[in-house]
Amino acid sequence: PVPIDINRSGDTIHSASSHLGSVPERTLDAVVVEIIDPRRATGEENGRDRRDLGENVLLLEQKKEEKKPFSTIWYFGREDNIMDSALQTYKEAGVIGEEKNLVIVTLCVANGLHLCMEGPSGSGKSRIMNAVMDIVPNCDKYQVDFVSEAALMNDVEEINRRMILYFKELQNIQKSIEVLKGITETEERDLTRRVTEKQGVVKSYTINAGHSVFATLAFENLFKYDAELARRLKIIEADTSEEHKLMVRAAKAEEAFTKGREQKDEKRREMLQTYMHDLIHHHKEIAVIDPFSAYMQQYIPLTQRSASFQTHYNDLVAASARFNQNARYESEGQGKTIKTVFTTLQDQQLIFDIYYPQMLTAMERLDRKDEDQSKIREMRERLEREKGVDWTACFADAKQRMQDVYPQHVQRWEEQMRYGNK
């Protein structure tokens, strides 16, 4: 797509200062994607051309009537940004609660990451995944239902036309599990496999590089993926808490009363599909610089597979920055990149809130040595003792790094967190 120019004024975003500790002169605000008003699209800002990803920029209509926040995540809960619109669409699709998991899956889909969602049968795994896949255009996704690699080979041309591979019910495709491992291992190169048919004829097929893998898995199934595959997937679990069960029960009761009167915003869903399509195909063209990563690495327990989990965490922080790229201060890209964006403190807080606890749980399951288990336990105790991350110190460290390496960008980078502008 041909990039277009957008010029936007800086609107003040709701304060998130209560989550940042005491920072009298630095009240940082939640930075999320705002409405892009086409009437303000003058194409120039301070004499500098600005480019936004793709020719299709999501234009969301402002609602005149005031509505109560529908998200329990403090970063969202308004209707003037893209992730909020996605959460509202998921709610209309019948997903009850689960905002944190929905945000994680959305970020992974839009940024070419691999993910598996687990939980007991009936816990809502498929509903969550299907709701997110519904805002992905059909031309970008392929649902894998095959039970044999030969069947997979026979449809490889169709698979190679898509970017998202959805392995629904992972236990049903055990005979193709080696293919799944190959796709997640060889992200930068094609995967070629050989298949022996019944008559002893050997055929080969190639799955092109660039696919992202999504899967669901029920706890009670006998199928268990090995640790090598598990470390390549971001593993999250459906919410099975008593609180969530009560929410589901109340929602079912309300549904029985309002059945037939539900309204879905199809126009909003189509707009989301347009935005997701652009990100799915062009997210690699947005370079991300994270000045917070050096400080945050201390919170990754130093276990056998800690490097893989640190990569998962950093990937999601970068995914948040890319997803919100239209509302970020940016610098010109180099080479194949359209632009470079810088992560914000809000990106770190978001991922720490919605993913970090699940990451520790996944580490406990994979790193079973007593020494590793002790390190994970010590990290939990430290966070409880220190009442979480010292976000003030985290920001100060990141700012110093920006001043040392990117002094020309420090002021605008800090302003985007304080005022929500570019």
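# Strands, helices and core of a predicted model

Glutamate 330 stands opposite valine 341, a residue of strand β10. Residues are numbered from 1 along each chain as its sequence is written, and side-chain values use heavy atoms, with hydrogens and water left out. The model is predicted, so local features need pLDDT of at least 70 and side-chain atom pairs count only at pLDDT 80 or more, while totals for chains, interfaces and linings use all residues.

## Overall content

The protein has 16 helices and ten strands. Helices (H or I, at least four residues) and strands (E, at least two) are DSSP runs, numbered from the N terminus. Of its 422 residues, 52% count as buried. Buried means under 20% relative accessible area, exposed means over 50%, and partly exposed lies in between (1.4 Å probe, protein chains only). Among the contacts (heavy atoms within 4.5 Å) with a separation of 6 or more, 76% are between residues 24 or more positions apart.

## The two open sheets

Strands of a sheet pair through backbone hydrogen bonds, either parallel or antiparallel. Two strands count as paired if DSSP finds at least two bridges between them.

The bridge partner of glutamate 118 is leucine 217 in β6.

Another open sheet has three strands, in the order β8-β10-β9, with mixed pairing. Here the edge strands are β8 (286-289) and β9 (330-332), and each pairs on one side only. The twist in this sheet averages 30° from one strand to the next.

| Strand pair | Direction | Bridges |
|---|---|---|
| β1 (residues 115-119) and β6 (residues 212-218) | parallel | five |
| β4 (residues 191-196) and β5 (residues 202-207) | antiparallel | six |
| β9 and β10 (residues 339-342) | antiparallel | three |

Threonine 196 has valine 202 of β5 as its bridge partner.

Arginine 189 is in the loop between α6 (177-185) and β4. With a relative accessible area of 55%, arginine 189 is exposed. Arginine 189 and alanine 209 are 20 residues apart in sequence, yet their C-alpha atoms are 5.0 Å apart in space.

## Two residues with positive phi

Most residues other than glycine have a negative phi. Glutamate 98 is not a glycine, but its phi is positive, at about 60°. This glutamate 98 lies in the loop between α1 (82-92) and α2. Is glutamate 98 buried or exposed? Glutamate 98 counts as buried because its relative accessibility is 7%.

Lysine 387, also a residue other than glycine, has a positive phi near 60°. Its place is in the loop between α14 (370-385) and α15 (391-405). Lysine 387 counts as exposed because its relative accessibility is 75%.

## Helices α2 and α3

How do α2 and helix α3 pack, and at what angle? The angle between α2 and α3 (residues 125-133) is about 45°, and their axes are 10 Å apart. That makes α2 oblique to α3. The contact is made by Leu102, Val105, Thr106 and Val109 of α2, and by Ile128, Met129, Val132 and Met133 of α3. The crossing of α2 past α3 is right-handed.

Some terms need their limits. Axes are lines fitted to C-alpha atoms, for helices over the stretch in contact, and angles run from 0 to 180 degrees between N-to-C directions. Angles under 35 degrees count as roughly parallel, over 145 as roughly antiparallel, 65 to 115 as roughly perpendicular and the rest as oblique. A crossing is right-handed if the near helix is turned clockwise from the far one by less than a right angle, and left-handed if anticlockwise.

## The nonpolar core

A nonpolar core is a set of buried Ala, Val, Leu, Ile, Met, Phe, Trp, Tyr and Cys residues joined through side-chain atoms within 4.5 Å. The largest one has 99 residues, and Val109 and Tyr355 touch the most other members. Helix α2 (residues 99-110) gives the largest share of this core, eight residues. Leaving out residues up to four places away in sequence, tyrosine 355 touches Ile104, Lys234, Ile236, Phe309, His312, Tyr313 and Leu316. Val109 also takes part in the contact between α2 and α3.
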